[in-house]
Structure formats: C-alpha cells, structure tokens
Amino acid sequence: MATTMKPLLSDLIPTVTCVPPNYVRPESDRPNLNEVTFDHSIPLVDLRGLGPNHSSVIKEIGEACRNYGFFQVKNHGISKEVIDKMMNVAKEFFHLPESERLKCYSDDPMKTTRLSTSFNVKTENVSNWRDYLRFHCFPLEDYVHEWPTNPPSFRDDVAEYCKNTRGLALRLLEAISESLGLEKEYLNCALGKHAQHMAINYYPPCPEPELTYGLPGHADPNVITILLQDDVPGLQVLKDGKWIAVKPIPNTFIVNIGDQIQVLSNDEYKSVLHRAVVNCKEERISIPTFYCPSPDAMMGPAPPLTDGDHPPLYTNYSYAEYYQKFWKRGLNAETCVDMFKIN
Ligand SMILES: O=C(O)CCC(=O)C(=O)O
C-alpha cells in the first residue's frame, strides 16, 4: 500500500523492515553477492602523462577500453574542492524534506530536469533500489534555470563541476580517438553540437540487499560516462562472465565506454555491462556524467575503421532515435546497441 503512496523510495523506507514485493527480483536474476570478485579491479590510468609525449598513456587507455570497457583515472586535473562541493551538495539535496525534493519529481523520461526513482516507472515490472536526480548540463545556459534552487549553492556548485567534467570528457575523447588510430579530433567532431547529461544516484540502505539491485546490469547509451562515487562500494563491472567490484579510490573518476563508442569503433571497443548493488548499512551516492552526441548527430561506424575486411557492423541512425529506444525498453542484459546491428 505504502509503495503507491510515496513516489520516492527514500520516503518509503522509514516505513519498511523488508524489501517490498515490487523490488524483489526473481531468483534467477539476483546479485549473488558471494560470487563477486573483490581481489582485482579495473585499470587505473594516471592522466598526468597525457601531455605532448603521451603515447604510453594512449596505449594504456586503448588497452583498458579493449579489455575492460572501463578504467579509473587519477591526476585528472579536477580539483578536490570542485569534487567535494559536488558530492556535498548532492548529499544535501537528498537529505532535504520530502516536500522540497518532490518539487522536482517527474516520471517522464524525456523531461530534461527531473527527480525520479528506480529507472522508468512507467515501463518496468520490478523496481530498483534507487532515487535519482537527472538533468542536462550542456550548453549550460540552456538548462541551468531548470535545476533545483535548493540547496542554495546547487546551481553554482554543479555548474562548476559540469564545466570541469566536460573538459575531462573532451580530453578523454581525444585520447580514445588516438588509441583507435583515428585523428585526435575525430570523436569530438562526430558528436555534432555535443550534449552532456548528469545524474545523482541516491541508494538508501536496504534491509535485504541480496534480493534487489540499485541498478541491474546495463550498458550506457551515450559516448563515455565519467562516474564520481562516494566511499561506499556498490559498482560492479562484468569481465569474462564474472562481476568485479570496483573499490572506491578517493579523488579518482571511473570512465566507461558507452554504446556510441562501441558503434563508432565498429566493435573494436565494447560498451560493457555494469550494475550497482546496495547494502544494509549505509546510503550510497554516485554521480555519473553522461557525455553524449547532440540528438541530431548521425551515429554509425567510423569510415576509417571499416574496409572490405571490416565491413560496418551497424546501420546509421540519429542519437535521438537511439536515446528514445533506450528509455522505452528499460535496463536489460541485452544491450540496446543490438537493435542497430546489421545482420
Ligand atoms: O552507481 C553506480 O556506481 C553506477 C551508476 C550507473 O551505472 C548509472 O547511473 O547508469
């Protein structure tokens, strides 16, 4: 009963002692936490070396993209102050009174600024143990007026963070282009006018974490994702059929290849499944920056990476078309990218 009365999970949990039935996954689709690998993680790349003589860093990034679809970066050039302000204001937002948070609530996935819960409550059968604030942030001046005004420093702190993560995304896209043997600017040029979205994921403590997910295994629909997480573990990445837990390292970001790089690279790099699990003790916050093509940008395998021996594996499509399909179909182990594959 309470589940239908409270739009947000955070406001429902004070009333529950076990996971409500609509959050319980079927037995065949549970996190199996005792089978997760904790003793090795994804590669950690030091971006200090991304200067004029940077071929070894490009090689490291290329290998991480090819073998994991994921890597962490340190010495990325974004100050601790900018990161701390972002994380603090995110935490403050989710601790505001319910009535204040609900001012931003919407269940329409096409709305450019919205607070919501789970993934897409309109289409999914099982809910996820997550609330999230999602918003667009490039060009900043087109969206900042939609963002929350409470906490009072939200717009300033988040705008500063967005500018910094956009700079990092552009540098990473240059490096990824080079690692594929493309011109440095290739990927940046392929994204049309570019777009940038962000989410703040809030995973409250969960009484029975073995029954549900914060987010089930999914691949990201965008180009690259730059994730900031707090010090509570929860992210897991699929590698050779096994889930690897990514232990948080302070002041690093986690970078992953999204579906559009898989397509642009003609499957040279894979957009890898990842998931967020929850725990019974602590809330967790993660903040992904989703760097995207603009909606009108045409996506397809990069012509310099295709030839008679390597025919294009995907059709050409607009990013808007891809994005709508992603939100309609829900989070799934079969990635959305397969819908654009040439048979
Ligand atoms: O919370 C995390 O660590 C992962 C978040 C994520 O995969 C997403 O928001 O798409």
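Biologist: How do strand 1 and strand 2 pair?
Modeller: Strand 1 and strand 2 (residues 70-74) are parallel, with 3 bridges between them. Pairing here takes at least two DSSP bridges between two strands. Strands are DSSP E runs of at least two residues, helices are H or I runs of at least four, and both are numbered from the N terminus. Aspartate 46 sits opposite lysine 74 of strand 2.

Biologist: Before we go on, what are the ground rules?
Modeller: It's a predicted model, so local features need pLDDT of at least 70 and side-chain atom pairs count only at pLDDT 80 or more, while totals for chains, interfaces and linings use all residues. Residue numbers start from 1 along each chain as its sequence is written.

Biologist: OK. What order do the 8 strands of the open sheet take?
Modeller: 1-2-10-7-12-5-4-3, with mixed pairing. Strand 1 (44-46) and strand 3 (113-117) are the edges; each has a single partner strand, so one side of each lacks a neighbour in the sheet. The average twist is 25° from one strand to the next. Angles run from 0 to 180 degrees between N-to-C directions, using axes fitted as lines to C-alpha atoms, for helices over the stretch in contact.

Biologist: At what angle do helix 4 and helix 7 cross?
Modeller: Roughly 135°, and the axes of helix 4 and helix 7 (residues 154-179) come within 9 Å. Helix 4 and helix 7 are therefore oblique. The cut-offs are under 35 degrees for roughly parallel, over 145 for roughly antiparallel, 65 to 115 for roughly perpendicular, and oblique for the rest.

Biologist: Which residues of helix 4 meet helix 7?
Modeller: Val82, Lys85, Met86, Val89 and Phe93. In helix 7 their counterparts include Phe154, Val158 and Tyr161. Contact means C-beta atoms, placed from the backbone, within 7 Å. By class, this contact has 7 nonpolar, 1 polar and 3 charged residues. Ala, Val, Leu, Ile, Met, Phe, Trp, Tyr, Cys and Pro count as nonpolar, Asp, Glu, Lys and Arg as charged, and the others, Gly among them, as polar.

Biologist: And at what angle do helix 3 and helix 7 pack?
Modeller: About 80°, with the axes 9 Å apart. That makes helix 3 roughly perpendicular to helix 7. Helix 3 brings Val57, Ile58, Ile61, Gly62 and Cys65; helix 7 brings Ala175, Ile176, Glu178 and Ser179. Their classes are 6 nonpolar, 2 polar and 1 charged.

Biologist: Switching topic. Which strands pair with strand 8?
Modeller: Strand 8 (residues 235-239) is antiparallel to strand 11 (residues 274-276), over 3 bridges. Leucine 235 has alanine 276 as its bridge partner there. Strand 8 also runs antiparallel to strand 9 (residues 242-245), with 4 bridges. One of the partner pairs is valine 237 with isoleucine 244.

Biologist: Which residue takes a positive phi in the hairpin of strand 8 and strand 9?
Modeller: Aspartate 240, near 50°; the hairpin has 2 residues between the strands. Most residues other than glycine have a negative phi.

Biologist: Where are the cis bonds to proline?
Modeller: One runs from phenylalanine 138 to proline 139, omega near -10°. Proline 139 is in the loop between strand 4 and helix 6 (140-143). Another joins asparagine 150 and proline 151, with omega about 0°. Proline 151 is in the loop between helix 6 and helix 7.

Notes:
Two residues are in contact if their C-beta atoms, placed from the backbone, lie within 7 Å.
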